[in-house]
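This report walks through selected helices, strands and residues of one protein model. Please keep the sequence and the 3D view open while reading.

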Amino acid sequence: MSSRPLPQDPIVRALIAQARQAQMTRRGLLAGAGAGASALALAACSTGGGQAKPTAAADKSSTDKTLNWANWAAYIDEDDAGNYPTLVAFEEETGIKVNYEVAVDDNNTYYGKVKDQLALGQDIGADTVCLTDWMVSRWIRLGYTQELDHANIPNITNLTPSLENPDFDPGRKFSLPWQGGFAGICWNVEKVPGGLKSVEDLWNPELKGRIGVLSEMRDTMGLIMLQNGVDISGDWGDAEYDAAIEILDEQVANGQIRNIKGNSYLEDLKSEDTLAAICWSGDITVINAEAGDKWQFAIPDAGGTLWNDNFLIPIGSPRKTNAETLINYYYEPEVAAEVAAWVNYITPVVGAKEAAAAIDPELADNQLIFPDEETLSQAHIFRALSGAEEQKYQAQFQQILLGS
């Protein structure tokens, strides 16, 4: 992280401060994570160490004014006709035609689809993709991303200072943040009128079979570990993780948890297959707008997780300059504010709060977009994992996911 003094902005200050049995039972099998489905799960999260790094594709942006953007669901402004207003404006302004694809359901499944092409330096069909910090770190380490030309992104000066030098990408040579947010809990206010305050409340017998949790390991396990009193940003290891995985396993095995999913968990909330879930903050605002004001989001009493998703340009993309032009556009404060007003996630763009206040003064007070120091004090960054920890913990989690 940057060594500069902590800025006065509470978002920046808080982000800087935080950025820094061998029984053959089901429990024993999960702890060992050594066979069958676990091995399959590891294939998706393989680090690919030791192989030569691929060569970047030649850039043909000067003659090809198109761009493919892969992103998560409900993660850009959208009108009633299904158009993306800021993208439409970008196309009119630049003449670059954008194919926007909702292609990312969670980090591991997306990586599993494209990792072989990435290793060969091939075009994966996306000229930019938005992925979470820990996955971005993997792509950079393996040489699967192209280095950004900051001359094509002059609006990089609007990047929130605390995000300028993450340990996985000092100087932001390969990535730039798209949005950040919280993982917490949500519930159907009509079916669960008393509301929820903690992860423990999800295990209420009255909600049996109607609970969903996220397939992003760091969010689901992070919340359970926080409920157990673990500082997920600090010093913890196998014992703390195993205690939390046992809780998850028990709640899946006894039928309390209905589904473990990526972004598709939203469909289960809408259909009422699930009445409460571990979820992502901005999603709940979006489905309330789409399907009625029926859901409530909260950071649990024990705390939530805090994360960022980032723009990358895959190594095989032949339209690098077009992608950089897009990234630069979304770092204009007015554009960032328009997106934030719809997605309700934390924008990384300095000046967006002031631009949002000009749109709607109440928008600038939205704690999901512009959280103050008190709100941020409730959120925690899941600490960086070693390669061995990543494989072991992810395999244990995937063992449960595949059996759910």
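## Ala-340 in helix H12

Ala-340 lies in helix H12 (residues 333–343). Helices (H or I, at least four residues) and strands (E, at least two) are DSSP runs, numbered from the N terminus. Ala-340 is buried, with a relative accessible area of 1%. Buried means under 20% relative accessible area, exposed over 50%, partly exposed in between (1.4 Å probe, protein chains only).

Ala-340 touches Tyr-345, Thr-347 and Ile-369, leaving aside neighbours within four places in sequence. Contact means heavy atoms within 4.5 Å. Gly-282 is 58 residues from Ala-340 in sequence, and the two C-alpha atoms are 9.2 Å apart in space.

## Basis of the model

This is a predicted model, in which local features need pLDDT of at least 70, side-chain atom pairs count only at pLDDT 80 or more, and totals for chains, interfaces and linings use all residues. Residues are numbered from 1 along each chain as its sequence is written, and side-chain values use heavy atoms, with hydrogens and water left out.

Strand E3 (residues 128–132) is mostly covered, with five of its five residues buried. In a regular strand the side chains alternate between the two faces of the sheet. Both faces of E3 are covered. Thr-128, Cys-130 and Thr-132 are buried on one side, Val-129 and Leu-131 on the other.

E3 runs parallel to strand E1 (residues 66–72), joined by two bridges. Two strands pair if DSSP finds at least two bridges between them. Trp-69 has Thr-128 of E3 as its bridge partner. E3 also pairs with strand E9 (residues 304–312), in the antiparallel sense, over four bridges. There Leu-131 stands opposite Asn-310 of E9.

## Asn-68 in strand E1

Asn-68 lies in strand E1. Its side chain makes a polar contact with the side chain of Asn-99 (3.2 Å). A polar contact is a pair of N or O atoms within 3.5 Å; within protein, one must be able to donate a hydrogen and the other to accept it, and residues adjacent in sequence count only if both atoms are side-chain atoms. Not counting residues up to four places away in sequence, Asn-68 touches Asn-99, Gly-125, Ala-126, Asp-127, Thr-128 and Arg-319.

Asn-107 sits in helix H5. It counts as buried because its relative accessibility is 0%. The side chain of Asn-107 makes a polar contact with the side chain of Thr-132, at 2.9 Å. Beyond four places in sequence, Asn-107 is in contact with residues including Trp-72, Leu-131 and Glu-216.

Helix H5 (residues 107–119) packs on helix H6 (residues 133–142) at about 10°, with axes 12 Å apart. H5 is therefore roughly parallel to H6. Asn-107, Tyr-110 and Leu-118 are among the H5 residues in this contact, and Trp-134 and Arg-138 are among those of H6. By class, the contact has eight nonpolar, two polar and one charged residues.

## Helices H7 and H8

Which way do H7 and H8 cross, roughly parallel or roughly perpendicular? The axes of helix H7 (residues 217–227) and helix H8 (residues 238–253) come within 9 Å and cross at roughly 100°. That makes H7 roughly perpendicular to H8. Angles under 35 degrees count as roughly parallel, over 145 as roughly antiparallel, 65 to 115 as roughly perpendicular and the rest as oblique.

Methods
Axes fitted to C-alpha atoms, helices over the stretch in contact; angles between N-to-C directions. Nonpolar A, V, L, I, M, F, W, Y, C, P; charged D, E, K, R; others polar.
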